[in-house]
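Dear colleague,

I am handing over the structure below, together with some notes on what was found in it. Please look through the model before reading on.

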Amino acid sequence: NFSRVTEFILLGLSDTREMQVLFFTFFFLAYAMVLLGNLLIIVTVRTDPKLSSPVYFLLCNLSFIDICCTSVTSPRMLVDLLSQRKAIAFEDCIAQLFFLHFVGASEMFLLTVMAYDRYTAICKPLHYTAIMSRQVCWVLVSACWAGGFLHSIVQTLLTVQLPFCGPNKIDNYFCDVPPVIRLACTDIYVTEWLMASNSGLISLVCFVVLVTSYVFILVTIGVRVTEGDWKALSTCASHVMVVTLFFVPCIFIYLRPFSTFPSDKHICVIYTVFSPVMNPLIYTLRNNEVKASMWKLWKRCRV
């Protein structure tokens with residue numbers, strides 16, 4: 001008796017009312033910080049001609065992706081925390097899954113590009129402006145979005161072709177590949193390995209490339225140390241913090257069979273909430289140029 005599931009029930013992070021109110025307060029403040037912090041970075045970079053170097057162009061794009069990434073999950077989560085019945089239509093669930101992987105994979109690729117930018121700035125400073133020209137930056141950013149789209153299309157097509165005819169309770173606060181395909185009414189062994197090799201390998205390969213670039217940077221810094229090198233290295237230190245928050249949970253969740261491990265909804269909070277919150281804090285508090293530009297923008301707005 002085959003009948004297609006028309007909606008899913010999101011179990012969320014907790015089923016107690018007190019914890020739901022506490023989570024709502026915390027995640028509302030976190031979402032507000034993501035929006036305000038990243039919008040401030042975008043406005044600052046766009047309005048200050050001094051912040052025209054490739055690193056700030058990439059940072060501006062990272063802020064935009066962070067806003068998109070957290071907006072895929074946070075608004076829905078905030079509404080569900082105040083709702084008695086946390087239901088999401090099948091089509092809406094698939095759409096959320098698609099856009100989450102679209103912007104998530106695009107951010108992975110962009111962080112890798114930012115690591116390449118820091119590697120070029122430190123290891124090849126004389127050729128930096130030629131290698132990382134504005135045209136090259138646009139091509140790299142476009143490639144990041146295109147790669148994220150292709151990755152998400154694959155994940156989405158592998159999901160929608162599965163039959164969903166029985167259980168419809170998702171043990172998470174948003175629709176993601178692992179908890180959704182666990183509900184399929186068929187053997188998902190091949191599908192989950194295809195998905196793990198897609199999402200998991202993308203996360204792992206990007207992380208390995210990032211670590212490799214940092215190794216080359218440290219080796220270069222050890223050979224010659226200038227004031228400009230230390231300035232670029234400070235930016236790399238901030239980048240490492242962002243990478244750790246974002247990549248390690250993704251590798252842990254996606255680079256393994258989904259059906260044999262329990263739900264990791266609390267770990268998902270790290271890369272869907274904490275990482276977008278930390279990005280504007282890290283890139284502003286540890287960057288004197290951005291802080292100075294924000295202060296000038298603030299004084300102009302007061303006048």
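Helix 2 provides the largest share of the lining of the second largest pocket, with 4 residues; helices here are DSSP runs of H or I of at least four residues, numbered from the N terminus. This is a predicted model, in which local features need pLDDT of at least 70 and side-chain atom pairs count only at pLDDT 80 or more, while totals for chains, interfaces and linings use all residues. Residues are numbered from 1 along each chain as its sequence is written, and side-chain values use heavy atoms, with hydrogens and water left out.

The second largest pocket has a volume of about 170 Å³, and helix 1 (17-47), helix 2 and helix 5 (134-160) each supply at least two residues of its lining. Among the lining residues are R46, D48, Y56, N61, R134 and W138; by class, the lining has 7 nonpolar, 2 polar and 3 charged residues. (A pocket is an open set of points on a 1 Å grid over the protein atoms alone, with protein on both sides within 12 Å along at least five of seven lines; a cavity is a set of points where a 1.4 Å probe fits but cannot get out; lining residues have an atom within 4 Å of a point. A volume is the space filled by probe spheres set on the points, which are joined across faces, edges and corners. Ala, Val, Leu, Ile, Met, Phe, Trp, Tyr, Cys and Pro count as nonpolar, Asp, Glu, Lys and Arg as charged, and the others, Gly among them, as polar.)

Helix 2 itself bends by about 40° at S71, with a proline, P75, following within four residues; the bend is the angle between axes fitted to the seven residues ending at a residue and the seven starting there. Because 22 of its 28 residues are buried, helix 2 is largely enclosed by the rest of the structure, where buried means under 20% relative accessible area with a 1.4 Å probe, protein chains only.

The largest cavity is lined by 14 residues, of which H101, G104, A105, M108 and Y254 lie nearest its centre. Helix 3 gives the most to this lining, with 5 residues, and the lining divides into 8 nonpolar, 5 polar and 1 charged.

Finally, F247 is found in helix 8 and counts as buried, at 0% relative accessibility.

Best regards

Methods. Buried < 20%, exposed > 50% of the residue type's maximum accessible area, 1.4 Å probe, protein only.
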